[in-house]
Amino acid sequence: MSNQTLYQERLTRIKHAINLEPVDRIPVVYMGSAFSPRYMGMSIAKYCADPDAAMDVTLAAMQRLGDLDGCNLIPAGRITVILTGQWLSRIAVPGRDLPADSLWQVQEAEMMTVEDYDTIINQGWRAFEASFMPRVIDMAEVRANDKWLMANLAGVYQRFRDNGFVPISGGGTTMPFEFLCGARSMPRFYQDLYRIPNKVKAAMDVMMPDMIQMGLGGARLSGAPGTWVGGWRSASALLAPKLWDKFVFPYLHQIVTALSDNQVLSVLHFDQNWDRDLARLRELPAKKCILNLDSLTDVRKAKEILGDRMAIMGDVPSSLFAMGAPDDIANYVRDLARDVGPTGLILCPGCDAPINTKPENMETFVAAAHTYGVVA
Amino acid sequence: MADQLSTALADLDEVAVLNLVQAQLDAGVDPLAILTSCREGMVLVGKRFETGEYFISDLVMAGAIFKQATALLGSRLKLDGSGTNGVVVIGTVKGDIHDIGKDLVVGLLRAANYDVRDLGVDVPPQKFVDVVKETGATVVGLSGLLTISFEAMKQTIAALRAAELPAPVKVMIGGGSVTDLVRAHVGADAFGRDAPQAVVLCNQWIKD
């Protein structure tokens, strides 16, 4: 079968899952940012420094793993620069700040001041971001990454398609909450929500048009069906309900609706536990989201509450990839397929398969998806 | 006044707590009694977390208020940060530089009157051993957000088990992806699903 035929078959399978329609087999999607170089014998430092190498090694890992339908997040650009932009924090970079074959790490600290909220409110998000970024990264790195993206971004996604793999999402955005939380640091930001709620909310309101444009831009430039809408520190388990209702959901709703209005799917990459507020997600446009869970949210409860509204993607735990045996992975996939599939499920590592994933566990994940994902 | 203070802290009323602490100090109330009220407020916060009324954000705010209140008392009490319930050594293990979860646990344990020796992040196994020997601590808390921390936890626990320590040590672990599978793999005595669980474990192991 040609790669083009494979691509169309896999795209159809994934679209059926997104639309909650019957599938011939539950789609299986890859995500292993740091696992790919480790699996293929490339240093993490090279993966971080060379975006061409990052793309090549991800593709090579997927080809070695076999019949994968797609990739949740395509490596497009230098991951540490992208993470800096998402977290608004310094990133410790392998080969520079850390040993060459270790994992990159976010160095969360209070890099944004309380006064910076006024800058956002008075001058806008973009102006603030431009002034803020030099606090957390050498701007020469950002310029180099931008240059690479301008020259290569569309081609990256096309390469995955040419090899038969469906890029699920391109680029990403998130609620203002996550950007501010990263920049202020989680403890400081959470305290801001109690102490200066109106100022925080005013800043969030100013940020929103740029957050939406960020998501639309990622999807447009990549040609992928969806874009990432991330949530980690805004999870239900972390926030008092009154805070979640005020600072999270209204913005999530706005972003997803705006993306949906522009025919862009929201891949709700939700880390941590969102159990308490799953029912609120029913207010999001139907079949315009994928709920991408990391195993901390109760995936069966999510299916029960949201199964007629959105597909679920995930959620094989990272600790199982790192510590479990192949049988543990196979059993997890079997149970997931039985309880959450076959319609409206996309099998995927929860969050991101970790750097110390045992190769046999990832290989078992793909094999088990085929064994247990086939619809009789 | 003490009830009012503990209630204000439990209600996360920062301004009221700080005003009450200052007013009581000005009125000559024993600083130790004020501290006890603040700790009672933190106990109420913990209970509200257990019952699902409070969430992590509430714990963060309560911890911040408690810290300010004890800072006001500090000069009068000559507080050195030590508690009387026992010594707990805690740190983020070698190779992991994340500290938010660990810091939350440290704050809650101090509020619960434990003497916490916070070793920071990226802590090598031998450092834990050395501080346990030095302090005679009977509980060690190991934190790690990343899955790469699991091996460092295992090595640290192995080093603690191999060392000649003044007293037997219980080890608790915590972090984003820690599960019972991880606990068993690294050889810890228990793991905490959330920060308040560390206080529960220490109360079981040391205080009770």
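Author: Happy to; here is a walk around helix α4 of chain B and its surroundings. Please keep in mind that this is a predicted model.

Let's begin inside the chain. Chain B is divided into domain 1 (2–77) and domain 2 (87–207), and helix α4 covers residues 56–77. One partner of α4(B) is α3(B), which spans residues 31–50. The axes of these two helices come within 10 Å and cross at roughly 170 degrees. An angle over 145 counts as roughly antiparallel, so α3(B) and α4(B) are roughly antiparallel. On the α3(B) side, the contact includes B:L32, B:L35, B:M42 and B:F49, while α4(B) brings, among others, B:L59, B:F66, B:L73 and B:R76. By class, this contact has 14 nonpolar residues, one polar and two charged.

Ten residues of domain 1 and nine of domain 2 make the contact. On the domain 1 side, α3 and α4 each supply at least two residues. That side divides into five nonpolar, two polar and three charged residues.

Finally, α4(B) also meets chain A. Its axis and that of α10(A), residues 186–195, come within 9 Å and cross at roughly 90 degrees, which means the two helices are roughly perpendicular. Here A:P187, A:Y190, A:Q191, A:L193 and A:Y194 touch B:S57, B:V60, B:M61 and B:A64.

Note on methods:
Residues numbered from 1 in each chain as written. Chains lettered and ligands numbered in written order. Predicted model: local features only at pLDDT ≥ 70, side-chain atom pairs only at ≥ 80, totals over all residues. Axes fitted to C-alpha atoms, helices over the stretch in contact; angles between N-to-C directions. Helix = DSSP H or I, 4+ residues; strand = E, 2+ residues; numbered from the N terminus. Parallel < 35°, antiparallel > 145°, perpendicular 65-115°, else oblique. Contact = placed C-beta atoms within 7 Å. Domains from an automatic or database assignment. Nonpolar A, V, L, I, M, F, W, Y, C, P; charged D, E, K, R; others polar.
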